[in-house]
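Okay, thanks everyone for coming.

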Amino acid sequence: MDRDEVRAALGEVSVSSFQAALDGSFRESYDDMGLTALYVPGMLLAGVAVHAETGPQVSLAGVELMDRVPSEVSAALHRVARGQGVRVGVNRDGDPEIAAWGLSMGAVQAWETSAEGYPARTDRAITQALVVAPELADDPYATDLVTLWRDIREEPVNTGGWPVTADQDRARWEWTPLEVVGPLRFGMTVDEVIAALGDEEPADRRGSFPHYAFRRYGQWNLEEERFDGAGLTAHYRLRDGGPRLAAVTVHGRTGPQVVHDGMKLIGQKVTALDAALIERAERGDMSLAIGCSGDLGIHGCNMYIRSARAGDGMVSEARFCDADWEDHG
């Protein structure tokens, strides 16, 4: 189908976002339908991302794919695939990917409406799906077209396991708001961060060029380094002629434990931490801040409780920032 045929098939649909690549491929998101359409040059449909909670229900060989417990969908897909002699692989998120069917599963955090009527995070992960044409099916997330929707090429690869370090096995770190988290002080150079972490080399580095259109030209700027041994990501901002530490994300599944005001911030139920923060705010002990992704934090401290997937559930992680950091989700 071309774009006009897709729009006609969907009926009255509005484009909520659009992004094009230099080769003429592009994506269109239809938020009122819970879909993102991916088009190759010539405006031909080559993939559809179906959003977890707002997209239509999709089934394959009797298996309902959407808005379900990930492990249940995975087990059902494996059962059907065995019966048909089809190979089931694992995508970069650790979810089933079946090239013969052009299907790649995924999962996101589930939200619900609170008793007060506002959106609230849950501790559950729910399924979503990406379906693609045969030419993209072998490794969808490695293709330039799919990265227009979600670029995970530089994210850590999950092989399908979700280990969560027991609390008693985590290091204990202190946090001084806007200044220090564990051995890391905001303003450190890259070499100082590595030294503070016991000379651990980063598992991955990410950065960018000054402008997307000129991404292969100019000075590449380091933006973050991931340290799997320490269980954290260091975020940098250019200052004083080079990258300086400006924020630290402590990973929920593997990072050190940080305690604030009696609250364990890492590896906990997200709903319990959100409730504790709201309770303290209602008592007047603190004011809440809300990040771009709906993460709750402590106003004036530039700290946000984030969430990380752990199989069928979610656990808490936290981003600690200096005074000038702006949370971008």
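Let me start with a question: which residues in α5 are buried? Before you answer, bear in mind that this is a predicted model.

In α5 the buried ones are Val270, Leu273, Asp274, Ala276, Leu277 and Arg280. If you look down the helix axis, those buried residues of α5 fall within an arc of 160 degrees, so they line one face of the helix. As for its dimensions, α5 covers residues 270-283, which is 14 residues. From the first C-alpha of α5 to the last is 20 Å, close to the 20 Å expected at 1.5 Å a residue. And just after α5 comes Gly284, with a positive phi of about 90 degrees.

Tyr30 has Leu35 in β3 as its bridge partner. The β2 and β3 hairpin has four residues between its strands, and Gly34 there takes a positive phi near 70 degrees.

Carry on from β3 and you get to β4, residues 44-50, again antiparallel, this time with six bridges. Ala37 is bridged to Val48 in β4. This hairpin of β3 and β4 has three residues between the strands, and in the turn Gly42 has a positive phi of about 100 degrees.

Strand β8, residues 96-98, pairs with β9 in the antiparallel sense over two bridges. Opposite Ile98 you'll find Leu103 in β9. Four residues sit between the strands of the β8 and β9 hairpin, where Gly102 takes a positive phi near 65 degrees.

Then β9 pairs with β10, residues 119-132, also in the antiparallel sense, over ten bridges. Thr113 stands opposite Pro119 in β10. In the hairpin of β9 and β10 there are five residues between the strands, and Gly117 has its phi positive, near 95 degrees.

What lines the largest cavity? The lining is Pro70, Val73, Ser74, Asp95, Pro96, Met105, Gly106 and Thr127. Two elements give two or more residues to that lining, namely α2 (70-84) and β9 (103-113). Of the elements, α2 gives the most, with three residues.

Strand β19, residues 257-260, runs antiparallel to β20, with two bridges joining them. Val259 has Lys264 in β20 as its bridge partner.

Most residues other than glycine have a negative phi. Ala61 isn't a glycine, but its phi is positive, about 50 degrees. You'll find Ala61 in the loop between β5 (59-60) and β6 (63-64). Asp240 is another non-glycine with a positive phi, near 55 degrees. Asp240 lies in the loop between β17 (232-239) and β18 (242-250). Is Asp240 buried or exposed? Exposed counts as over 50% relative accessible area, so at 65% relative accessibility Asp240 is exposed.

Last one, Asp191. That residue is in helix α4, residues 190-196. Asp191 is exposed, with a relative accessible area of 60%. Going C-alpha to C-alpha, Asp191 is 56 Å from Ala8 in space, and the two are 183 residues apart in sequence.

That's my tour. Happy to go back to any of it.

Note on methods:
Residues numbered from 1 in each chain as written. Predicted model: local features only at pLDDT ≥ 70, side-chain atom pairs only at ≥ 80, totals over all residues. Heavy atoms only, no water. 1 Å grid on protein atoms, 1.4 Å probe; cavity = no way out; pocket = protein on both sides within 12 Å on 5 of 7 lines; lining within 4 Å. Expected span 1.5 Å × (residues − 1). Buried < 20%, exposed > 50% of the residue type's maximum accessible area, 1.4 Å probe, protein only. Arc of directions from axis to C-beta. Pairing = 2+ DSSP bridges.
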